[in-house]
2 protein chains.
Amino acid sequence: MDLLKEKILKEGRVVGDGILKVDGFLNHQIDVDLVSAMGKDIYEHFKDGNVTKILTIEASGIGLAVVAAQYFHCKVLFAKKGRTTNLGNSELYTSKAYSFTHQNENTVLVSKKYIDANDRILIIDDFLAHGEASRALLDIATQAGVDVVGVAIAIEKGFQGGGDQLRKEGVNLYSLAIVDSMDDGNIVFRED
Amino acid sequence: MDLLKEKILKEGRVVGDGILKVDGFLNHQIDVDLVSAMGKDIYEHFKDGNVTKILTIEASGIGLAVVAAQYFHCKVLFAKKGRTTNLGNSELYTSKAYSFTHQNENTVLVSKKYIDANDRILIIDDFLAHGEASRALLDIATQAGVDVVGVAIAIEKGFQGGGDQLRKEGVNLYSLAIVDSMDDGNIVFRED
């Protein structure tokens, strides 16, 4: 998606070892006009998939998921990280996701009552690198026995391989921008 | 706001000691149509305040903040909880907020570069009980030296007193629904 790629080139910053900081428009400050356009783009890609629910994970995926849901006219379900007293201790789907950014493992939690047997799930997240978070959400959809229409990602770090592995496994993965390399701070996108 | 109050009466559940669970439409699953209407209601209330930025806190405030920002045509800045390697260690505004729900204290973090001296901030959150999270965001706005137009809350637990204390201190606090009691599971709203 050109608008996002332009924004990444203009405002994204490559720091340290493989980290792309986009906290000026995506995962700390949110450029709502941009994110709304991204939500519409995701809708255009998956609009024939009969999506009934969008599944994302707190916190950075929520904004994009909500604006996409405005187009799909469906509800958003955001998975929680770590055990929280407010969700209760029973009737949860749980999975695990290791965060390479934060170097910790999160338990990913979703209340069973908000996924119906007939749901057709679209998974949305802001980043995909190794694919840990997406795999946890896919695992939860599998546990729930529901169809996954696809996975929509704002920024895929292609050089970390998680996305291509999911594609090999047959996941309908759509990333709005795929960064194939960012050596020396020079961001190179995969061609559409 | 009648639509929200009706939803709370229909789907909210009072559990344990002063906990109102609204995870079916607000802070786990998000009813995007409802939340969009809530965002519009907040806009109608604060539309003359020249809001330039919405400040919220992860995770449950983000959805409401983003849809409200679509009306204000401004960006959303969501404070993070706890120290995160992805934000860097310098140039942060920090404050503290105790969570009575989760019984822990969070450090609330905002990058200094996303608040300008001329910003006029609207704080948005899903819940206000003792007011700890709102106070942390107000504290950060004070540190940044910017004007706070007001605080917009989806559900205020009036019986826990944090909201009325903020009003006494002169904060322009607007809550879409104020629950003044919920003894024996019987939810009573404050009259508008």
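Chain A comprises five helices and eleven strands, where helices (H or I, at least four residues) and strands (E, at least two) are DSSP runs numbered from the N terminus. The radius of gyration of chain A, 16 Å, is close to the 16 Å given by the globule rule for 192 residues, so the chain is as compact as a globular protein of that length; the radius is taken over C-alpha atoms, and the rule is 2.2 Å times the number of residues to the power 0.38. The model is a predicted one, in which local features need pLDDT of at least 70 and side-chain atom pairs count only at pLDDT 80 or more, whereas totals for chains, interfaces and linings use all residues. Residues are numbered from 1 along each chain as its sequence is written, chains are lettered from A and ligands numbered from 1 in the order in which they are written, and side-chain values use heavy atoms, with hydrogens and water left out.

Along the principal axes, the C-alpha atoms of chain A fill a box of roughly 50 × 35 × 35 Å. Of its 192 residues, 57% count as buried, that is, under 20% relative accessible area, with exposed meaning over 50% and partly exposed in between (1.4 Å probe, protein chains only). Among the contacts in chain A (heavy atoms within 4.5 Å) with a separation of 6 or more, 59% are made by residues 24 or more positions apart.

In helix α1 of chain A (residues 2-11), the buried residues are Leu4(A), Lys5(A), Lys7(A) and Ile8(A). Viewed down the axis of α1(A), these buried residues fall within an arc of 160°, so they line one face of the helix; the arc is that of the directions from the helix axis to the C-beta atoms. Asp2(A), Leu9(A) and Lys10(A), on the other side of α1(A), are exposed. The cover over the buried residues of α1(A) includes α2 (32-46), β2 (19-21), β9 (147-157), β10 (173-181) and β11 (188-189) of chain A.

Helix α3 of chain A (residues 62-72) has nine of its eleven residues buried, so it is largely enclosed by the rest of the structure. Among these buried residues are Ala65(A), Ala68(A), Ala69(A) and Phe72(A), each of which is touched by Ile54(A). Ile54(A) lies in strand β4 (residues 53-57) of chain A and is itself buried, with a relative accessible area of 0%. Although Ile54(A) and Ala68(A) are 14 residues apart along the chain, their C-alpha atoms are separated by 8.4 Å. After α3(A) comes His73(A), with a positive phi near 55°.

Methods. Lists of a residue's contacts leave out its neighbours within four places in sequence.
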